[in-house]
Amino acid sequence: MKIVVLVKQVPDTETNIKVGDKSINEAGVKWIISPYDEFAIEEGIRIREKSGGEVIAVSLGPDRVVEALRTAFAMGADKAVHIKVDQYDTFDSTFTSELIANFVKSENADLVIGGRQSIDTDSSQVVLQIAERLGISHIAMALKLEIDGTKVTATREIEGGTEVVETTTPVAVTAQKGLNEPRYPSLKGIMSAKKKPIKIKKPEDLGVTPSKLEVVSLEPPPPRIAGRKLEAGDANGFAQQLVKALREEAKVI
């Protein structure tokens with residue numbers, strides 16, 4: 001079985017993000033693999049360990065994403081592919097999905113698996129768009145995944161519970177927290193990952209024209225308005241003050 005796992009590099013959640021005119025200021029930013037993608041990498045490795053085949057880690061972006069691919073190698077991925085886009089716009093899920101879909105098609109992969117969302121843009125779109133472009137089934141928010149030959153059975157999270165779905169390969173899956181517990185790279189894995197080759201692809205190699213989306217401006221959200229404590233002698237007094245504030249100050253009623 002050929003498994004393609006998506007590896008997105010994102011700013012660490014503890015990083016203090018500074019916003020520029022059209023992008024974040026990357027100076028001093030610590031970059032990590034998006035946590036949900038770690039579940040995807042782990043699941044791909046577990047499926048290969050059980051059923052055989054190979055795991056190909058794919059990451060899109062500038063030169064720094066090689067670090068994320070080295071981590072995927074250290075965890076146990078067999079191959080790594082860097083789709084090199086120096087001016088990568090992480091908001092352009094259409095461009096991203098077209099590049100990766102064309103790569104998956106060229107590899108004739110049986111399974112594409114990525115995190116349920118990246119923790120920077122939170123779009124939850126790329127894997128689903130890949131499935132649509134390839135005309136294959138997709139399973140979102142997988143909590144359990146079983147593959148028997150070409151048959152795929154998954155337990156996925158839905159609002160208020162779970163559901164079990166079945167389909168056949170090829171299939172695209174998004175991994176939810178709880179699907180597995182990602183392994184820590186071993187020292188041996190980290191050392192060997194430094195020597196493994198990473199294949200480089202460019203958009204033109206995959207038949208994709210440059211991104212058509214342009215970020216015009218980027219700005220942080222406005223500061224939150226401080227709250228105000230109401231004081232009254234009874235519930236009726238609180239209600240009167242609240243209604244007055246909503247009508248005259250907030251102007252929402």
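**View 1. Strand 1 and its two partner strands.** Strand 1 is joined by five bridges to strand 6 (residues 54–61), and the two run parallel; strands, like helices, are DSSP runs numbered from the N terminus (E, at least two residues, for strands; H or I, at least four, for helices), and two strands count as paired if DSSP finds at least two bridges between them. The model is a predicted one, in which local features need pLDDT of at least 70 and side-chain atom pairs count only at pLDDT 80 or more, while totals for chains, interfaces and linings use all residues. Residues are numbered from 1 along each chain as its sequence is written, and side-chain values use heavy atoms, with hydrogens and water left out. Strand 1 also pairs with strand 8 (residues 111–115), in the parallel sense and over three bridges. Val4 has Ile56 as its bridge partner in strand 6 and Val112 as its bridge partner in strand 8. Because four of the five residues of strand 1 (residues 2–6) are buried, this strand is largely enclosed by the rest of the structure; buried means under 20% relative accessible area, exposed over 50%, and partly exposed in between (1.4 Å probe, protein chains only).

View 2. Nine strands form an open sheet in the order 11-10-9-12-8-1-6-7-13, with mixed pairing. Strand 11 (161–168) and strand 13 (199–201) stand at the edges with a single partner strand each, so one side of each is left without a neighbour in the sheet. Neighbouring strands of this sheet are turned by 35 degrees against each other on average, direction ignored; axes are lines fitted to C-alpha atoms, for helices over the stretch in contact, and angles run from 0 to 180 degrees between N-to-C directions. Strand 6 and strand 7 (residues 79–84) run parallel and are joined by six bridges, with Ala57 opposite Ala80 in strand 7. Helix 3 (residues 93–107) packs on the sheet, touching strand 1, strand 6, strand 7 and strand 8, and its direction makes about 155 degrees with that of strand 6; contact means heavy atoms within 4.5 Å.

View 3. One aromatic pair is found in a search of the whole structure. The rings of Tyr36 and Phe39 have centres 6.3 Å apart and planes at 50 degrees, so the pair is tilted; rings of Phe, Tyr and Trp (its six-membered ring) pair if their centres lie within 6.5 Å, with planes under 30 degrees apart counted as stacked, over 60 as edge-to-face and the rest as tilted. Both Tyr36 and Phe39 are buried.
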